[in-house]
Amino acid sequence: MAAVGVAAWTALAACIATPASAQTWQLELHSDRHSDALPLADLADEDHRRLRPRDGRNLAYLDEEVRLARSSGAWTFGLLARSRATLVLNRDAVELLAQVNKAAPADVDRQWQVDARLRGFAGVGADAERRFALGPSWTLRLGAQGLLLTRWRERRIDGPVGYTAATRGYAFDLRSVETYDRLDAPFLQGFEAHGMGLLLNGEVAWADRGWDAALAVRDLGWLHWRGIPQQSASLSTSTQSYDADGFLLYRPLVQGRNSQTGHTAAAPQRWTARLGWAVQPAHRLELATDWLTDFGLLPRLTWEHRAGDRFSAIGWRFHERRLGVGVGWRGWRLHAATDRLGSGAHSRSLTLAWHGGF
């Protein structure tokens, strides 16, 4: 809680000490959701009939934030609430999930090597950011964010699974490691109601003669929750034993261990690299890519147009297969994107932002 308190106190003190005429307010509401294998409308249901795996790793993510900030010169201070989660599964994990949920059993033997990882957190807090001019063409932005965590969950499941069509039986050998503030376990002791997060962000940017480039990072830091429940478990159906009459018994074995020693972990980082070119004074083309922890690259292409205080843009995100459009006028900006209309959408985002003074 100390990190959040210091950041909030610094932001309040800076706003009081700065004349109102030199300050600019910013308000942003942002929601970004994507799921490779399952439509967004089905994520909360147990019905996985529309589950369709993609080749390679399958990604699902959620990134939502509400932020109110005030800029004064090179400084920006803000208050925010945010929620972020990523789920990365290999194709075998998605195919196994689809097979288990089918009403009809498979008619051929199968083998899967499961690898799935979930990482997510939510919280409220404050941030501070400062910009530096490094020369005529270079700028640097550095910021820190203190969060009071209201939710934190991490889980990793991996191991082999086999299916024998003749017996319609599965052979599991899976391992699971989970950290979750809502985990229910025997003999659970009381623990802190909230965790803490200290996250850093930054960007180094260059611009000259119509060209610009930047490298940025977000959520570079740590999450900590004292006494949060953790569980390590394994599931095996290879266990064999004999009864009193000498007959072979075949049954699953579930073993687990619960602990509450507290947990500290690096937050899932998001790196961004971009390259822009001003084709004409009013037109700009940008090629950029995000690098997401546990997954990899998420490239995108954007075309922007500016005319006075009006702004418009159209963009394409390659992995998400999502088309986005943006419009702006004076201090207002609206951006919306989707891969398709209706309940079958796998990817959607919406951002509404305003900046100005009173």
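Predicted model: local features only at pLDDT ≥ 70, side-chain atom pairs only at ≥ 80, totals over all residues.

Student: Okay, how many helices and strands does the chain have?

Tutor: There are two helices and 20 strands.

Student: And what share of the residues count as buried?

Tutor: Of the 358 residues, 41% count as buried. The chain exposes about 20,100 Å², and 60% of that comes from carbon and sulfur atoms.

Student: What about contacts along the chain?

Tutor: Take the contacts with a separation of 6 or more: 61% of them are between residues 24 or more positions apart.

Student: Let's look at a helix. Which residues of α2 are buried?

Tutor: Helix α2 covers residues 91-100, and its buried residues are A93, V94, E95, L96, A98 and Q99.

Student: Which strands do those pack against?

Tutor: They pack against β2 (58-72), β3 (75-89), β4 (110-133), β5 (138-164) and β6 (169-180).

Student: New topic! Where is D339?

Tutor: D339 sits in the loop between β19 (332-338) and β20 (347-356).

Student: What does its side chain reach?

Tutor: The D339 side chain reaches the backbone nitrogen of H346 at 3.0 Å. It also makes a polar contact of 3.3 Å with the side chain of R340.

Student: And which residues is D339 in contact with, leaving aside neighbours within four places in sequence?

Tutor: With those set aside, D339 is in contact with E320, R321 and R322, as well as A345, H346 and S347.

Technical notes. Residues numbered from 1 in each chain as written. Heavy atoms only, no water. Helix = DSSP H or I, 4+ residues; strand = E, 2+ residues; numbered from the N terminus. Polar contact = N/O pair within 3.5 Å; in protein donor to acceptor, adjacent residues only side chain to side chain. Contact = heavy atoms within 4.5 Å. Buried < 20%, exposed > 50% of the residue type's maximum accessible area, 1.4 Å probe, protein only. Areas by Shrake-Rupley, 256 points an atom, 1.4 Å probe, with all protein chains shown as cover.
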